[in-house]
Amino acid sequence: MDKVLTWIRRLQQFADRPWYFPVLGLLAGLDLFILLIPTDALLVSSVMLKPKKWIGAGVWVSLGSALGAVLLASLIQWNPILVFEQWFPHAFETAAWRSMDWFFDEYGGRALFFIALSPLVQFPAVAIAALSGMSLTKLFFVYLLGRLIKSLLFSYGGSHGSKLLFRLPMLRKDLQVLETPTDPAA
């Protein structure tokens with residue numbers, strides 16, 4: 001985990017570059033395959049570095065994530081046995097898989113939308129959608145909508161978080177004490 005954090009810190013040194021948020025979107029797409037990229041934390045911390053770019057950051061992460069979902073679903077629909085035996089040999093044995101399978105059987109595309117909107121691991125939902133035969137176009141737009149709402153909320157929070165904290169009555173006093181400069185001459 002230390003290597004991931006070091007890598008993220010190095011990457012964030014380039015937050016002012018025009019290619020930074022598209023690369024963040026690429027990482028969000030790869031997260032469906034690698035399962036180690038802390039996409040939400042990376043999005044929020046990146047937006048804190050560049051608060052004026054919160055909308056673009058949210059859109060890039062959502063788009064990258066949706067394209068990654070379509071790529072994963074395409075691979076699964078093309079050859080499900082190869083994908084699961086090679087990359088995720090124990091995926092069908094997990095409790096998360098069984099829960100998502102039941103949820104998807106009950107609610108279909110709505111399930112994919114709500115899972116895309118949630119902090120849950122995304123791989124099982126995309127895999128189940130692919131195995132159920134959901135069209136890639138529908139998968140893309142349903143998943144994109146869920147991720148877009150989530151990413152924009154997270155990036156808005158990252159860019160406006162300190163202002164929002166001052167509006168909470170129970171934190172206002174504590175935050176004002178932290179912000180008040182102390183003058184040693186006084």
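Predicted model: local features only at pLDDT ≥ 70, side-chain atom pairs only at ≥ 80, totals over all residues.
**Helix α8**
- Helix α8 covers residues 123-131, and eight of its nine residues are buried, so the rest of the structure largely encloses it.
- The buried residues are F123, P124, A125, V126, A127, I128, A129 and A130.

**T39 and its surroundings**
- You will find T39 in helix α3, which spans residues 39-49.
- T39 has a relative accessible area of 7%; this counts as buried because the value is under the 20% cut-off.
- The side chain of T39 makes a polar contact of 3.4 Å with the side chain of D31.
- Leaving aside residues up to four places away in sequence, T39 touches A28, D31 and V61.

**A nonpolar patch on the surface**
- L26, L30, I34 and L36 together form a nonpolar patch on the surface, with about 380 Å² of accessible area between them.
- One of these patch members, L36, sits in the loop between α2 (20-34) and α3.
- L36 has a relative accessible area of 61%, so it passes the mark of over 50% and counts as exposed.

**Two residues to look up**
- T39 is buried, whereas L36 is exposed.
- T39 belongs to helix α3, while L36 lies in the loop between α2 and α3.

Conventions:
Residues numbered from 1 in each chain as written. Heavy atoms only, no water. Helix = DSSP H or I, 4+ residues; strand = E, 2+ residues; numbered from the N terminus. Buried < 20%, exposed > 50% of the residue type's maximum accessible area, 1.4 Å probe, protein only. Polar contact = N/O pair within 3.5 Å; in protein donor to acceptor, adjacent residues only side chain to side chain. Contact = heavy atoms within 4.5 Å. Patch = residues over 30% accessible without salt bridge, like charges linked within 9 Å, V, L, I, M, F, W, Y side chains within 5 Å. Areas by Shrake-Rupley, 256 points an atom, 1.4 Å probe, with all protein chains shown as cover. Salt bridge = Lys/Arg side-chain N within 4 Å of Asp/Glu carboxyl O.
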